[in-house]
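User: Can you walk me through this one? I am new to reading structures.

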Amino acid sequence: LIAPNMGVWFANILKRAEQNTNWLRSGRPFCFWLTGFFNPTGFLTANRQEVCRKHTKDSWALDDVVDSSEVLRQEREEVRKGPEE
């Protein structure tokens with residue numbers, strides 16, 4: 001994390017804590033602030049692992065699952081449901 005000053009860095013830490021706290025209190029959010037995770041790569045890998053576990057009967061391999069993203073023309077508060085999978 002590179003921030004121009006301590007104030008920006010601290011504000012970022014507060015936003016990260018808010019995201020994690022909301023997740024714990026309210027359940028999985030419909031969208032995520034990816035750069036707000038301390039380990040975004042680990043988060044993406046965990047998502048792929050979860051998908052593979054859902055498709056155990058189909059023998060999906062972690063190395064074959066591909067992440068995809070869709071940029072929405074919505075603000076975070078406007079998103080009403082998560083992705084299908």
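What follows is a short chat about the chain, its helices and a few of its residues.

Analyst: This is a predicted model, where local features need pLDDT of at least 70, side-chain atom pairs count only at pLDDT 80 or more, and totals for chains, interfaces and linings use all residues. Residues are numbered from 1 along each chain as its sequence is written, and side-chain values use heavy atoms, with hydrogens and water left out.

User: OK. How many helices and strands does the chain have?

Analyst: The chain has two helices and zero strands. Helices (H or I, at least four residues) and strands (E, at least two) are DSSP runs, numbered from the N terminus.

User: What is the span of H2?

Analyst: Helix H2 covers residues 40-54, which is 15 residues, and reaches 22 Å from its first C-alpha to its last. The expected value is 21 Å at 1.5 Å a residue, and H2 is close to that. The expected span is 1.5 Å times one less than the number of residues in the helix.

User: Which residues of H2 are buried?

Analyst: Phe43, Arg48, Val51 and Cys52. Buried means under 20% relative accessible area, exposed means over 50%, and partly exposed is in between (1.4 Å probe, protein chains only).

User: And what covers them?

Analyst: The cover includes helix H1, residues 6-26.

User: Now the whole chain. What is its radius of gyration?

Analyst: The chain has 15 Å, while a compact globule of 85 residues would be near 12 Å. The radius is taken over C-alpha atoms, and the globule rule is 2.2 Å times the number of residues to the power 0.38. Along the principal axes, the C-alpha atoms fill a box of roughly 50 × 25 × 25 Å.

User: How much of the chain is buried?

Analyst: Buried residues are 14% of the 85 residues. As for contacts (heavy atoms within 4.5 Å), take those between residues at least 6 apart in sequence: 22% of them join residues at least 24 apart.

User: Where do Phe30 and Cys31 lie?

Analyst: Phe30 lies in the loop between H1 and H2, and Cys31 lies in the loop between H1 and H2 too.

User: Are they buried, exposed or partly exposed? What is the relative accessible area of each?

Analyst: Phe30 has a relative accessible area of 46%, so it counts as partly exposed. Cys31 has 25%, so Cys31 is also partly exposed.

User: What is Phe30 in contact with?

Analyst: Leaving aside neighbours within four places in sequence, Phe30 is in contact with Val79, Arg80, Lys81, Gly82 and Pro83. Cys31 touches Arg76 and Val79, not counting residues up to four places away in sequence. Cys31 and Arg80 are 49 residues apart in sequence and 9.3 Å apart in space, C-alpha to C-alpha. For Phe30 and Leu14, 16 residues apart along the chain, the C-alpha separation is 20 Å.

User: Change of topic. What is the phi of Ser59?

Analyst: Ser59 has a positive phi of about 60 degrees, although it is not a glycine. Most residues other than glycine have a negative phi. Ser59 lies in the segment after H2 and has a relative accessible area of 63%, so it is exposed.

User: Where is Trp60 found?

Analyst: Trp60 is found in the segment after H2. Its relative accessible area is 40%, so Trp60 is partly exposed. Trp60 and Glu77 are 17 residues apart in sequence and 33 Å apart in space, C-alpha to C-alpha.
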